[in-house]
Amino acid sequence: MQTAQSPIPEITLNDQTAIPQLGFGTLAVQPNREATQPNIEQTAEIVGLALQAGYRHIDTAQAYGTERGVGKAVAASGIPREELYVTSKLSNANHRPDDVRRSFHETLENLGLEQLDLFLIHWPLPTLYDGDYVSTWKAVTEFVAEGRLRSAGVSNFQPDHLDRIIAETGIAPAVNQFELHPYFANHAARAATRRHGIAVEAHSPLGHDGKPLSDETITKVATAREKTNAQIILRWHMQHGHIAIPKTARLERMEQNIAVFDFELSAEEIASIDALDKGENDRVGPNPDTYEGI
């Protein structure tokens, strides 16, 4: 495979490892979440295009059913392992420590890797498992000490969830990935994440329902800059210091989304996009305080 040189800057995490600031998401790149052979082939093809476009940070999850397709694309790419950054996430059905360990081993096998770069608890599930997401967090952190994982993190953790796991274990996650886009700035989660020295990672960075992509303010900035609306939103994330993982199945969009490091938004443009925040009313994904999906 011919690959492009990635222009993506890295962010140093609190464990002194580095993560590419812009990655490629794999949620819903295949018709369903089953790891069927057709789905594996489809995901491998799409992720292969992303690697060709220059992405080196690939985000998958046990629950997406895309790990094997990602692994196939990584193996076929010919890109040296040290140039790739692969994230996966713990399925909600695997929170008990024994299941954490079993499923993490399966994740490594699915991806064809000996070591994973980042592993996240996908959801805190505070109303399930007797509310004991602390034991889940302890189990995940053990993989770092064992050398099978470079960085341990969480996803969709609210301020109280972060405070609790850090108070009870003394270990802060390296990353907290949560819904964050111009219509939902998620101020409380973002502030708590940064207060603990944790990197902010935005899932659904272009809007969980895509609405910010047609926003008039963003369109005005994009038109003036001769950029796409998605490029303006992703540049907004970059200048706020967020890690972002946009997803698309089209090579043209992949190439556009990665081309956000040759311009800067002005302070006035950043402020105009900041002002689009609609607060909790525009959270599109589940609320982490009540979500019980398994």
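Predicted model: local features only at pLDDT ≥ 70, side-chain atom pairs only at ≥ 80, totals over all residues.
Helix H4 runs over residues 133–146, and its 14 residues should span 20 Å at 1.5 Å a residue; the end C-alpha atoms lie 21 Å apart, which agrees. Its buried residues are Tyr-133, Val-134, Thr-136, Trp-137, Ala-139, Val-140, Thr-141 and Phe-143. The cover over these residues includes strands E5 (85–90), E6 (116–121) and E7 (149–155), together with helices H3 (97–111) and H5 (159–169). Just after H4, Gly-147 has a positive phi of about 90 degrees.

Six aromatic pairs are counted in the model.

| Pair | Ring centres | Plane angle | Class |
|---|---|---|---|
| Phe-104 and Phe-143 | 4.0 Å | 10 degrees | stacked |
| Tyr-133 and Phe-157 | 5.8 Å | 80 degrees | edge-to-face |

Phe-104 belongs to helix H3 and Phe-143 to helix H4, so their pair ties together parts 39 residues apart in sequence. Tyr-133 counts as buried at 5% relative accessibility, and Phe-157 is buried at 0%. The charged end of Arg-164 also sits over the ring of Tyr-133, 4.8 Å from its centre.

Thr-66 is placed in the loop between strand E4 (57–59) and helix H2 (67–77). Thr-66 is buried, with a relative accessible area of 0%. Its side chain makes polar contacts with the side chains of Thr-26, at 3.0 Å, and Thr-60, at 2.6 Å.

Terms used. Residues numbered from 1 in each chain as written. Heavy atoms only, no water. Helix = DSSP H or I, 4+ residues; strand = E, 2+ residues; numbered from the N terminus. Expected span 1.5 Å × (residues − 1). Buried < 20%, exposed > 50% of the residue type's maximum accessible area, 1.4 Å probe, protein only. Contact = heavy atoms within 4.5 Å. Polar contact = N/O pair within 3.5 Å; in protein donor to acceptor, adjacent residues only side chain to side chain. Phe/Tyr/Trp six-rings, centres within 6.5 Å; stacked < 30°, edge-to-face > 60°. Lys NZ or Arg CZ within 6 Å of the ring centre and 35° of its normal.
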